[in-house]
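Colleague: I have the file open and would like to go through a few places with you. Could you start with a single residue and then move on to the packing?

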Amino acid sequence: MTQHANNVIACRGGDATALEPRPVPEVGAGEMLLKLRVVGFCGTDLFKLDTGAAQPGTVLGHELVGEVVALGDGVTAFQTGDRIAVPHHVPCGTCLMCRRGNETMCETFRENLMAPGGFADTVLIKARATAQAAHRVPDGVSDEAAVFMEPAACVLRGVERAAVAADGVAVVQGAGSMGLLHLLVLKAALPGVRVAVVDPQADRRDLALKLGADAAAEPGAAAQAAVGNLTNGAGADAVFDTVGGAGPLKAALGLTRQGGSVVLFAHAPDGQTADFDLNDLFKYERRILGTYSGAVHEQGRVFDLIASGALDPTPLVTHKMPLDDFQTGLDLVRARKALKVLFTPSRAAEGS
Ligand SMILES: [Zn+2]
Ligand SMILES: [Zn+2]
């Protein structure tokens with residue numbers, strides 16, 4: 001095992017970050033140590049940086065594929081050299097929230113099972129994640145596909161909760177990496193569902209069509225017309241909002257059929273309240289759902305979809321760069337010039 005320091009991207013307060021050396025974590029019983037292969041930059045990481053929510057010293061990053069370099073006592077499911085996809089949160093399975101199917105609200109679920117975090121050359125996976133949620137990536141499945149297990153599981157949770165019929169129509173608001181991932185997960189999990197994607201940016205609408213969207217439109221009248229077309233004027237069975245906030249919620253309700261569902265899948269500004277016609281819910285049986293993160297069930301199902309090739313999110317990867325270039329990746333995402341940015345080990349780790 002390498003003895004050099006573990007280079008990490010550490011938060012420095014506000015949205016500042018820096019590459020800094022840390023000790024390589026010690027592996028305890030039931031744990032495993034992964035050498036980074038790729039880690040995805042996620043909207044939640046961006047949100048935490050933009051809002052200054054990450055304490056100085058925190059290492060963000062949680063969409064991880066790594067290679068096993070050390071195993072703690074008692075770990076028999078994996079071997080050194082295995083490629084592993086693993087999430088950072090695992091519910092307890094026994095509390096009230098878990099028993100009611102709200103596992104992502106479980107108190108235990110909040111604990112970060114990656115140390116120090118995913119934006120690091122070497123990442124310790126704690127025992128609960130190692131035992132219950134880690135998947136060996138089969139040969140033939142790329143790192144770039146497997147790294148989507150965690151974000152795609154979050155998407156699948158919303159898709160399953162919305163209960164879209166097999167021949168239904170869904171709308172995705174926002175064609176960033178999460179919006180386009182909704183499109184791909186919908187098509188993989190429910191191949192008969194037709195999907196319209198709504199985004200103001202023309203290049204992103206073009207990409208949505210290339211990735212299998214049945215329609216793509218600008219927000220507003222064009223979106224209304226496109227959804228009307230696909231549904232004979234009825235409106236969509238479900239609208240997934242990946243933009244966030246009160247305005248997009250209102251727009252989503254306007255695209256949903258009577259009895260249909262709106263799924264909120266984005267952070268809104270803190271404390272923002274919404275304004276919509278309450279009769280959309282009572283009188284017309286529309287539902288507004290929120291889903292947060294993904295749990296073991298969704299991760300397992302998504303992993304199978306990726307492993308079988310039914311779900312291939314790799315076209316969403318627009319940039320891959322070493323951890324040293326973290327700020328460059330962040331700037332590209334902020335400027336909407338990148339979809340999914342993946343980070344690879346630091347230059348120092350690659351050179352050693
Ligand atoms: Zn994520
Ligand atoms: Zn629980």
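Modeller: Let me begin with Gln 55, which at 54% relative accessibility counts as exposed; please keep in mind throughout that this is a predicted model.

Colleague: Where is the place of Gln 55 in the chain?

Modeller: Gln 55 belongs to the loop that runs between α1 (43-50) and β4 (63-71).

Colleague: And how far apart are Gln 55 and Cys 11 in space?

Modeller: Their C-alpha atoms are 6.8 Å apart, although 44 residues separate Gln 55 from Cys 11 in sequence.

Colleague: Switching topic, is Thr 104 buried or exposed?

Modeller: Thr 104 has a relative accessible area of 7%, and because the cut-off for buried is under 20%, Thr 104 counts as buried. Thr 104, too, is a loop residue, found between α2 (96-99) and β6 (114-115).

Colleague: What does the side chain of Thr 104 reach?

Modeller: The side chain of Thr 104 reaches the backbone oxygen of Tyr 292, at 2.9 Å.

Colleague: Which residues does Thr 104 touch, leaving out those up to four places away in sequence?

Modeller: With those left out, Thr 104 touches Phe 109, Arg 157 and the run of Tyr 292, Ser 293, Gly 294 and Ala 295.

Colleague: Now the helices: at what angle do the axes of α5 and α11 cross?

Modeller: The axes of α5 (residues 149-162) and α11 (residues 296-308) cross at roughly 110° and come within 8 Å. Since angles of 65 to 115 degrees count as roughly perpendicular, that is how α5 and α11 are placed relative to each other. The crossing in which α5 passes α11 is right-handed.

Colleague: Which residues meet there, in α5 and in α11?

Modeller: From α5 there are Met 149, Ala 152, Ala 153, Leu 156, Arg 157 and Glu 160, and they meet His 297, Glu 298, Gln 299, Arg 301, Val 302, Phe 303 and Ile 306 of α11. By class, the residues of this contact are seven nonpolar, two polar and four charged.

Colleague: What about α5 and α6, how do their axes cross?

Modeller: The axes of α5 and α6 (residues 177-189) come within 9 Å and cross at roughly 65°, and α5 passes α6 in a right-handed crossing. On the α5 side the contact is made by Pro 151, Ala 152, Val 155, Leu 156 and Val 159, and on the α6 side by Met 178, Leu 181, His 182, Val 185, Leu 186 and Ala 189.

Colleague: How many residues of that contact of α5 with α6 are nonpolar, polar and charged?

Modeller: The contact of α5 with α6 has ten nonpolar residues, one polar and no charged.

Technical notes. Residues numbered from 1 in each chain as written. Chains lettered and ligands numbered in written order. Predicted model: local features only at pLDDT ≥ 70, side-chain atom pairs only at ≥ 80, totals over all residues. Heavy atoms only, no water. Axes fitted to C-alpha atoms, helices over the stretch in contact; angles between N-to-C directions. Helix = DSSP H or I, 4+ residues; strand = E, 2+ residues; numbered from the N terminus. Parallel < 35°, antiparallel > 145°, perpendicular 65-115°, else oblique. Left-handed = near helix turned anticlockwise from the far one by under 90°. Contact = heavy atoms within 4.5 Å. Nonpolar A, V, L, I, M, F, W, Y, C, P; charged D, E, K, R; others polar. Buried < 20%, exposed > 50% of the residue type's maximum accessible area, 1.4 Å probe, protein only. Polar contact = N/O pair within 3.5 Å; in protein donor to acceptor, adjacent residues only side chain to side chain.
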